[in-house]
Structures are given as C-alpha cells and as structure tokens.
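Here's a friendly walk through this protein. Have a look at the model first, and then we'll take it piece by piece.

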Amino acid sequence: MSKVQNITVLGATGTIGANTLDVIARHPGRFRAYALTAHSKVEPLLRQCQQFHPRYAVMLDPDAAERLEHGLRSLELDTEVLCGIEAMEFVSSLEEVDAVMAAIVGAAGLKPALAAANAGKKVLLANKETLVMSGALFMQAVRQGGATLLPIDSEHNAIFQCMPPNFSQGLGPAGITKILLTASGGPFRKFTLDQLAHVTPAQALNHPNWVMGPKITIDSATLMNKGLEVIEAHWLFDAAPDQIEVVIHPQSVIHSMVQYNDGSVLAELGNPDMRTPIAHALGCPERIESGVAPLDIFAIGQLNFERPDTGRFPCLRLAFEALDEGGTAPAVLNAANEIAVQAFLAGNITFMDIPRMIETTLSEVGTAAVSGLDDVVNADAQARAVASDWLERKVTC
C-alpha cells in the first residue's frame with residue numbers, strides 16, 4: 001500500500017479549498033490535510049481543524065491567528081498556529097509535504113505557490129494569478145525545482161486531459177493546432193450594452209452554472225476570468241495567443257477542447273463541479289472517486305456554442321492585448337482588475353467601469369521587462385496605485 005500523501009491546502013476556507021478537503025475526506029487512507037491556511041476566516045478554519053487535525057494552521061491576519069490559537073486550545077487540539085505570508089511559504093515547502101493545493105485568490109497566492117514550485121512539490125494550481133502575474137518566473141521555478149504542475153481550473157484541467165503525453169515538447173510536434181477554451185458566458189451573455197450598464201453586484205454574483213467565490217464569479221460575468229485563463233493557458237501549454245480560441249458554451253458541460261492536425265477535436269465533459277479536476281489532480285495518474293454525479297447526456301439534450309463578443313465584454317480583449325504586450329502587462333491587468341472588482345462589489349463603480357479602469361491603468365502604467373519577482377511586485381503595486389487614483393477621481397466626481 002502506498003504511503004499517505006501530506007497535502008497543504010492554501011486557501012482552505014474558500015470554495016476550492018473546501019472542495020479539496022471534501023475529496024481528501026473521501027480517501028482517508030490516501031491523503032492527509034497536513035497544513036491548512038486562510039486569510040482571516042477563523043470559524044471555518046477552526047471547524048476544518050476539528051475535522052482534519054492538521055499539523056499546521058496558518059492565518060495571514062495576525063488578529064485572526066490569535067483567535068484561532070485560542071479556539072484550538074479551548075478544544076484541546078494540538079495543531080500549531082502560524083501567521084503571515086512567510087508561514088504560508090513555509091508550509092508550502094516543508095519536506096513532509098507531498099502536494100500543495102494553491103487556491104488562494106488573487107496576487108496573495110503568488111509567493112506560496114512559488115515556494116512550492118521551488119521546493120519540487122506536486123503543485124495543484126488553482127490560483128490563476130500566479131501564472132498571469134509571473135508566468136515565465138513560475139514556469140522556470142517548476143523546471144528548476146523539479147516540481148510537478150497540475151492545473152485545477154476546470155478548463156485547463158480538461159485541456160491537460162486531452163493532451164498527448166509529449167505535449168511539453170511543443171504543440172506542433174504533438175499534432176495540436178488549437179486549444180479551444182470554453183466559457184459559460186456568465187449571467188449576462190444575452191444582455192445589451194444598455195442592460196450591462198445597469199447590472200448590480202447581486203445579479204453578477206448569480207452565476208448560472210458554477211458555485212465560486214465572489215471575485216472569480218464577477219470575473220466570469222465580465223469574461224475577465226476567461227481572459228486570465230487565456231494567459232494561463234499560454235504558460236501551461238506553451239501556446240501562442242493565436243493558438244488559443246475562446247468558445248462560449250452556455251451549458252458548461254464541455255470544459256475545454258483540443259484540436260489536432262488530423263481534424264480531430266478531443267473534449268472533456270462532466271458536470272460543473274470543481275471536485276472533478278481536484279480529484280483528477282490529487283490522484284494523477286490514477287482516477288479516484290470525487291463525489292461528483294455522472295454526467296447524464298440525455299438530460300442535457302443539446303450543446304450550444306457561440307463566439308465571444310468583445311464589444312460587450314472588453315475585458316477579454318484587454319487580456320489578449322496584455323498577453324501580446326508581455327512583460328509586466330499581465331500583472332498590471334490583474335492588479336487593476338482586482339481593484340475594479342472590489343470597487344464594483346462595494347457599489348462604487350458600475351459593471352462597465354471595470355474594463356474602463358483596467359484599460360486606463362494599462363495605458364498609464366505601461367509595460368516593463370520582467371527579470372525577477374521584484375519587477376512583478378513593483379508593477380502590481382504601481383497598477384494598484386493608479387487604479388485606486390482612478391477610483392478616487394470617479395467617486396468624487
């Protein structure tokens with residue numbers, strides 16, 4: 001019998017983290033939740049510690065770490081509490097850890113994911129911002145650290161499953177002509193520009209197919225999520241921008257497709273449940289039970305496909321442009337988008353202000369070459385400052 005694999009779950013209280021723990025719980029003889037991390041949600045992490053008894057629990061927020069420590073002691077649990085980004089890097093690179101689920105949303109997940117890659121871990125990458133912000137640096141860390149990289153986004157996991165074993169030698173030699181990245185289209189797929197100008201955060205958070213956190217749900221509504229996934233696919237599969245095509249597929253049954261030079265198109269299908277790609281990555285190369293119901297193709301009845309409209313959803317266009325620009329442009333795009341989404345959720349800007357803020361920030365910050373992590377961090381900070389200034393001017397007008 002193979003040894004139990006120790007798993008660090010970065011972002012344990014989020015949707016991906018909770019789904020990861022659900023899969024882990026189904027295989028107690030195979031996986032152990034060795035370290036769990038969260039930003040500031042004490043009660044959910046405390047409940048997870050009660051269930052899984054991890055060796056470490058890490059909070060990014062110091063006050064939250066103190067409250068978690070108190071809660072664990074009152075329950076007489078011996079989980080050790082750590083605090084801060086360095087602690088997250090620590091539990092991502094521990095010798096005892098076999099695999100790291102990188103599921104922290106946004107730029108905050110970059111350093112722990114890099115630590116896991118440098119330490120040669122099996123990295124289950126659900127944090128797309130890591131590749132968007134620092135794709136070249138992260139892929140270099142994967143290679144130099146001897147890490148195994150497995151994508152968790154349902155689309156990229158589907159692409160990975162449809163690829164031949166030799167795809168790392170190049171898409172051309174592998175016979176691949178195009179990656180077809182599917183998108184649900186979000187809740188506003190049929191909205192006019194006038195209707196989009198008046199949508200509310202509550203409407204945008206009501207995704208028709210997927211249950212996700214608020215940030216990624218808004219990104220899905222603007223199609224920025226798909227734009228970020230285009231950049232992610234570029235790095236994961238060494239695909240040129242013109243080898244990646246976005247396809248609106250409202251049913252979210254086909255999670256993505258790979259087109260070959262012999263006319264074949266391979267697709268991965270399944271119910272829209274993140275436990276499927278999580279189980280695939282945890283068990284890879286074996287298949288393990290995920291808790292997801294089998295797909296009933298007769299109940300679905302039909303599958304539809306549409307081209308995306310970048311006039312109504314300009315965030316997708318901006319992502320392709322940032323990928324073409326290269327350097328720090330994707331990091332600027334990501335930072336501006338994070339500020340814009342926060343502002344929209346707070347009711348400070350409209351839905352259509354999101355791409356306006358991003359485009360302005362990209363124009364004002366410009367693009368620099370990336371030679372190290374500091375270049376990425378500086379571009380991120382500069383973009384956040386410019387986007388915040390734009391927001392302040394917008395709110396005070």
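A few terms first: axes are lines fitted to C-alpha atoms, for helices over the stretch in contact, and angles run from 0 to 180 degrees between N-to-C directions. Helices (H or I, at least four residues) and strands (E, at least two) are DSSP runs, numbered from the N terminus. Bear in mind that this is a predicted model: local features need pLDDT of at least 70, side-chain atom pairs count only at pLDDT 80 or more, and totals for chains, interfaces and linings use all residues. Residues are numbered from 1 along each chain as its sequence is written, and side-chain values use heavy atoms, with hydrogens and water left out.

Let's begin with helix α10 (residues 214-222) and helix α15 (residues 329-345), whose axes come within 10 Å and cross at roughly 100 degrees. That's why α10 and α15 are called roughly perpendicular to each other; angles under 35 degrees count as roughly parallel, over 145 as roughly antiparallel, 65 to 115 as roughly perpendicular and the rest as oblique. On the α10 side, the contact (heavy atoms within 4.5 Å) is made by Pro214, Lys215, Ile218 and Asp219, and α15 brings Asn337, Glu338, Val341, Phe344 and Leu345. Sorted by class, the residues of this contact are five nonpolar, one polar and three charged. Here Ala, Val, Leu, Ile, Met, Phe, Trp, Tyr, Cys and Pro count as nonpolar, Asp, Glu, Lys and Arg as charged, and the others, Gly among them, as polar.

Now zoom out. The domain assignment, which is automatic or comes from a database, gives domain 1 (5-151) and domain 2 (153-185 + 223-308). Their centres, taken over C-alpha atoms, are separated by 25 Å. Domain 1 puts 27 residues into the contact, and domain 2 puts in 24 residues.

Next come the sheets. Seven strands form an open sheet with parallel pairing, in the order β4-β3-β2-β1-β5-β6-β7; two strands pair if DSSP finds at least two bridges between them. β4 (80-83) and β7 stand at the edges with a single partner strand each, so one side of each has no neighbour in the sheet. On average, neighbouring strands here are turned by 20 degrees against each other, direction ignored. Helix α3 (residues 62-74) packs on this sheet, where it touches β3 (56-59) and β4, and its direction makes about 175 degrees with that of β4.

Stay with β6 (residues 122-125) for a moment. Four bridges join β6 to strand β7 (residues 148-151), and the two run parallel. Leucine 124 stands opposite leucine 150 in β7. What do β6, α6 and β7 make together? They make a right-handed β-α-β unit, meaning that, with the strands pointing away from the viewer, the path from the first strand over the helix to the second runs clockwise.

Helix α6 (residues 128-145) also packs with helix α17 (residues 373-396), at an angle of about 175 degrees and with axes 10 Å apart. These two helices are therefore roughly antiparallel to each other. Met133, Ser134 and Leu137 in α6 meet Leu373, Val376 and Asp380 in α17.

Finally, look at the other sheet: four strands in the order β9-β8-β10-β11 form an open sheet with mixed pairing. Strand β8 (residues 176-183) and strand β10 (residues 254-260) run antiparallel, joined by four bridges. Helix α7 (residues 154-162) lies across β8, β10 and β11, running at about 40 degrees to β10.
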